[in-house]
Amino acid sequence: MRSQNTAVGRPPEGVVTRGTTGINRLRRSDRWTVHEPATTRMLTQTPNPLAVDLGYGAMPVTTFEWAARLRTVRSDLRVVGLEIDPERVVPGRNGVEFARGGFELAGLRPALIRAFNVLRQYPEEAVAPAWARLRAGLAPGGLIIDGTCDELGRRCAWVLLDEQGPRTLTLAWSPFHVDCPSDLAERLPKALIHHNVPGEPIHELLTAADRAWATSAPHSAFGPRLRWRATLDLLRNQGFEVQEQRRRVRDCILTVPWSTVAPH
């Protein structure tokens with residue numbers, strides 16, 4: 001389905017999403033974004049940065065939350081929410097603007113793009129062209145977060161991309177509501193979800209994480225967060241290039257280079 005984008009005089013690129021959203025649903029990704037060195041460095045160093053929330057859904061609550069959190073890093077950040085469905089475009093408020101647009105970004109050149117639960121409804125073969133279209137619209141040095149989460153935001157996964165392509169995969173989940181790392185398999189980004197089969201790197205990572213999580217069970221007496229830290233240490237000892245956590249985090253977080261999980 002395509003609809004007219006009056007801002008740039010041509011139809012927006014993409015299809016209308018289901019629009020499912022909810023208060024605080026994207027909190028884990030937001031927390032990661034405002035502490036991840038790559039995103040914070042880019043936001044602080046980019047002149048007059050613009051952040052675009054692509055496909056915010058039936059109501060823009062997560063866009064307002066994102067803007068508030070990002071502005072703890074860069075107070076003068078401009079934030080625009082884009083929706084392909086004209087009926088979802090609302091008047092701006094709280095310093096956030098809204099407009100009609102899709103993968104063409106309504107002609108904007110953002111330093112940061114968030115597209116959460118957008119590509120999930122697309123076929124896998126549509127991911128690479130969508131990524132390429134978004135990358136082409138980035139401001140120099142810009143970044144993209146393409147992610148997926150469950151309805152309550154307890155299980156999340158996202159890919160960080162730059163102008164060259166995907167850089168990292170991050171898995172994040174509630175330590176009190178998920179039994180093991182492989183429970184996130186159903187929320188993997190579209191680029192990976194169909195590759196969670198034996199012989200593929202993402203399957204190898206999730207299988208190794210489950211084993212390490214089980215081995216770390218004695219640490220559960222001290223809480224799931226300490227158990228997860230022990231799990232990360234085991235994964236590093238097995239040769240996985242797991243990103244170090246530079247701060248105490250409330251979530252279980254696993255970030256690896258894209259090369260670790262890139263499909264064969």
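This is a predicted model: local features need pLDDT of at least 70, side-chain atom pairs count only at pLDDT 80 or more; totals for chains, interfaces and linings use all residues.
## The second largest cavity

When the lining residues of the second largest cavity are sorted by class, three are nonpolar, three are polar and three are charged.

## The largest cavity

A search of the whole structure finds two cavities of 30 Å³ or more, and the largest cavity holds about 90 Å³ of space. It is lined by 13 residues, of which Val15, Leu54, Ile84, Gly102 and Val118 are the closest to its centre. The lining of the largest cavity divides into six nonpolar, five polar and two charged residues.

## The largest pocket

The largest pocket has a volume of about 300 Å³. Among the 22 residues that line this pocket, Gly19, Thr20, Arg25, Phe116 and Asn117 are the closest to its centre, while strand E1 (50-54) and strand E4 (112-116) are the elements that give two or more residues to its lining. By class, the lining of the largest pocket has six nonpolar, nine polar and seven charged residues.

## The second largest pocket

About 190 Å³ of space lies in the second largest pocket, which is lined by 13 residues, with Trp228, Arg229, Leu232, Gln245 and Val249 nearest its centre. Helix H7, running over residues 224-237, gives the most to this lining, with six residues. The classes here are four nonpolar residues, one polar residue and eight charged residues.

How values were computed:
Residues are numbered from 1 along each chain as its sequence is written. Side-chain values use heavy atoms; hydrogens and water are left out. On a 1 Å grid over the protein atoms alone, a cavity is a set of points where a 1.4 Å probe fits but cannot get out, and a pocket is an open set with protein on both sides within 12 Å along at least five of seven lines; lining residues have an atom within 4 Å of a point. Grid points are joined across faces, edges and corners, and a volume is the space filled by probe spheres set on the points. Ala, Val, Leu, Ile, Met, Phe, Trp, Tyr, Cys and Pro count as nonpolar, Asp, Glu, Lys and Arg as charged, and the others, Gly among them, as polar. Helices (H or I, at least four residues) and strands (E, at least two) are DSSP runs, numbered from the N terminus.
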